[in-house]
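Take a moment to turn the model around on your screen.

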Amino acid sequence: MSKNNGFSPGLEGIVAAETELSHVDGLKGELIIAGFPLARLAANATFEETTFLLWNGRLPTQTELDKFKQELADYRPLPPVTLNLLHEAAKANSTPMDALRMAAATLDLGNSDAAHHTTAKIIVARVATIVANYHCLQQGKAPIAPNPSLGHAANFLYMLTGDVPSNARVRGLETYLNTVVDHGLNASTFAARVIVATQSDLVSAIAGAIGALKGPLHGGAPGPALDTVFEIGSAERAEAVLQAKLDAGERLMGFGHRVYKVRDPRAEVLGAAAEKMFRADGDMALYELAKSVEETAVRLLAIHKPGRNLQTNVEFYTALLLHGLGLDTDIFTPTFAVGRTAGWLAHCFEQIEYGRLIRPQSRYTGTLDRAWMPLEER
Ligand code: COA
């Protein structure tokens, strides 16, 4: 779409890539991942299956899946240089996203000549280890070594707590990671594609993408949505607390979306996953409270902003699900990165294949033909 004489602020409406990885339809509320409607894929696949699918364009056979899982498990332990960096970052009290960005940049040390797919496996395997190990360090504990007998999602939870998680919790996390694995040409994915389009390397692309994801306009802060649920505390207070926020001109966190004008399909999938997980292995009272906060919020928003169709977005149930899994709020965004890394890398492969440098133009709005003023006369 050409706006304002070829200029589209924020590249809104511009198609800058073709992809077979995911399709986002904001009007229909539809998200397709490599041909699968999100709900069908997210609730059934393991994270390794989804990653294989995105990287190879098809689901793996049992033999291929076993091999892929084994390779990822083998790559999980961090090299000493990465662990040392995390120790220093913890001493300096870096945020988990800053620690992840710095540590991710070390991941090809000693492997810089590896084939793309090998590097990609190293990155996916170790991004999870970085996030979990750093979380332990920040709590003053020793990092927990990966458990090679567990799958990617189960091992991530294990490295955070030292306990082998229940099947219900593992399923909850698999569904979350699958749900956030890819979402069209979002800012971090675009950043990764721009970087590899220069024929730079995958580690640079992932470090750049992590930097983009860190910003509050992208990786978001599901934390505040959860804070609201806790602030409300019991269902009968929901209406009064939410109405007071709206009256004060505040936005209700976890509602509304730039692209989705109907309910965010990811909220649907994560809501169902949260219910299943809380029912099997969690605090059902918290789930019921969140449901009632959601219903009240959507009802009040319809009255407050008629015609806007402000619906529940991905953040609301991300917060509930990750909290239910026992994750602290400060690792919600790094956990998003654990899932999205597989999508970033899939886009890198597509971009490398496509092989075209991404180089848009800018429109100069400065002055022309300035007179040069010697230093002593300024
Ligand atoms: N609570 C209350 N009002 C809201 C709202 C919310 N969550 N989201 C949007 N609105 C209102 C705006 O105030 C605006 O009203 P106005 O036109 O009378 O000023 C109108 O609805 C449209 O909002 P706008 O900011 O133009 O929509 P957007 O597409 O730019 O914003 C979000 C999308 C996500 C930034 C916005 O809905 C929001 O701030 N949501 C809360 C934060 C959140 O959950 N973020 C995570 C997103 S995944």
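In this predicted model, the ligand is surrounded by 15 residues, and the closest are Leu 252, Gly 254, Phe 255, Lys 305 and Arg 308. Sorted by class, the shell around the ligand holds six nonpolar, four polar and five charged residues.

| Residue | Atom of the residue | Atom of the ligand | Distance |
|---|---|---|---|
| Leu 252 | polar backbone atom | nitrogen | 2.8 Å |
| Gly 254 | polar backbone atom | oxygen | 2.7 Å |
| Lys 305 | polar side-chain atom | oxygen | 2.5 Å |

How much of the ligand's area does the protein bury? Taken alone, the ligand exposes 860 Å², and the protein buries 68% of that.

Finally, look for the rings. The model has six aromatic pairs. One of them is formed by Phe 52 and Phe 68, with ring centres 5.7 Å apart. Why is this pair called edge-to-face? The planes of the two rings stand at 85 degrees, and planes over 60 degrees apart count as edge-to-face, so the pair gets that label. Phe 52 sits in helix H2 (residues 47-56) and Phe 68 in helix H3 (residues 62-75), so this pair, 16 residues apart, links distant parts of the chain.

Definitions and conventions:
Residues numbered from 1 in each chain as written. Predicted model: local features only at pLDDT ≥ 70, side-chain atom pairs only at ≥ 80, totals over all residues. Heavy atoms only, no water. Near = heavy atom within 4 Å. Polar contact = N/O pair within 3.5 Å; in protein donor to acceptor, adjacent residues only side chain to side chain. Areas by Shrake-Rupley, 256 points an atom, 1.4 Å probe, with all protein chains shown as cover. Nonpolar A, V, L, I, M, F, W, Y, C, P; charged D, E, K, R; others polar. Phe/Tyr/Trp six-rings, centres within 6.5 Å; stacked < 30°, edge-to-face > 60°. Helix = DSSP H or I, 4+ residues; strand = E, 2+ residues; numbered from the N terminus.
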